[in-house]
Amino acid sequence: QVQLVESGGGLVQAGGSLRLSCAASGNTLSLYAMGWFRQAPGKEREFVAGCMWLGSARSYAEDVKGRFTISKDNAKNTVYLQMNSLKPEDTAVYYCAAKVAKTADFTSWGQGTQVTVSA
């Protein structure tokens with residue numbers, strides 16, 4: 001039982017930046033990994049970035065490598081997604097997700113935060 005709340009979305013012009021935050025609460029001692037996903041209009045939800053809750057390993061979807069950075073503040077139970085050089089195709093609802101075991105799927109999800117990138 002982990003609750004997640006995203007914030008930081010908004011409207012930006014192409015080439016701009018946004019920083020998303022995801023605050024976790026509840027059974028945070030059981031966290032194994034955190035991730036960011038997004039769902040664009042008319043498209044399936046897709047993986048964007050992920051990190052281990054303990055440790056420094058990070059991973060990214062190919063189309064955001066070099067532009068997005070996932071980071072965390074364990075003391076604040078918060079994960080961030082720094083998004084630079086935003087493109088209109090980055091427009092989506094961004095969701096934070098939590099995994100509580102190595103072999104488990106992401107089972108906790110935030111409510112989502114809208115990111116809109118205008119041309």
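Q: Is asparagine 77 buried, partly exposed or exposed?
A: Asparagine 77 is partly exposed, because its relative accessible area is 23%. Buried means under 20% relative accessible area, exposed over 50%, and partly exposed in between, with a 1.4 Å probe and protein chains only. Note that this is a predicted model: local features need pLDDT of at least 70, side-chain atom pairs count only at pLDDT 80 or more, and totals for chains, interfaces and linings use all residues. Residues are numbered from 1 along each chain as its sequence is written, and side-chain values use heavy atoms, with hydrogens and water left out.

Q: Where is asparagine 77 found?
A: In the loop between β7 and β8. Strands (E, at least two residues) and helices (H or I, at least four) are DSSP runs, numbered from the N terminus.

Q: What is phi of asparagine 77 near?
A: Near 50°. That is a positive value in a residue other than glycine. Most residues other than glycine have a negative phi.

Q: Which other residue has a positive phi although it is not a glycine?
A: Serine 85, at about 50°. Serine 85 is in the loop between β8 and β9. With a relative accessible area of 41%, serine 85 is partly exposed.

Q: What is glycine 15 in contact with, leaving aside its neighbours within four places in sequence?
A: Ser85 and Leu86. Contact means heavy atoms within 4.5 Å.

Q: Where's glycine 15, then?
A: In the loop between β2 (10-13) and β3 (18-26). Glycine 15 counts as exposed because its relative accessibility is 53%.

Q: How far apart in space are glycine 15 and valine 64?
A: 13 Å, C-alpha to C-alpha. In sequence they are 49 residues apart.

Q: Switching to β3. Is cysteine 22 buried or exposed?
A: Buried, because its relative accessibility is 0%. Cysteine 22 lies in strand β3.

Q: Which residues is cysteine 22 in contact with?
A: Leaving aside neighbours within four places in sequence, the partners are Leu4, Val5, Glu6, Met34, Trp36, Asn77, Thr78, Val79 and Cys96. The C-alpha atoms of cysteine 22 and valine 5 are separated by 5.4 Å. Along the chain those two are 17 residues apart.

Q: And alanine 23: buried, partly exposed or exposed?
A: Partly exposed, with a relative accessible area of 36%. Alanine 23 is in strand β3. Beyond four places in sequence, alanine 23 is in contact with Gln3, Leu4, Val5, Asn77 and Thr78.

Q: Now the core. How many residues are in the largest nonpolar core?
A: The largest nonpolar core has 29 residues. Those with the most contacts inside it are Met34, Trp36, Leu81, Met83 and Tyr94. A nonpolar core is a set of buried Ala, Val, Leu, Ile, Met, Phe, Trp, Tyr and Cys residues joined through side-chain atoms within 4.5 Å.

Q: Which strands each supply at least two residues of this core?
A: β1 (2-7), β3, β4 (33-39), β5 (46-52), β7 (68-73), β8 (78-83), β9 (92-99) and β11 (113-118). In soluble globular proteins, nonpolar side chains tend to be buried together.

Q: What does methionine 34 contact?
A: Leaving aside neighbours within four places in sequence, the partners of methionine 34 include Leu4, Cys22, Ala49, Trp53, Ile70, Cys96 and Phe106.

Q: Phenylalanine 47 next. Where does it sit?
A: In strand β5. Phenylalanine 47 is partly exposed, with a relative accessible area of 29%.

Q: What share of the residues is buried?
A: 42% of the 119 residues.

Q: What about contacts between residues 24 or more positions apart?
A: They account for 52% of the contacts with a separation of 6 or more.
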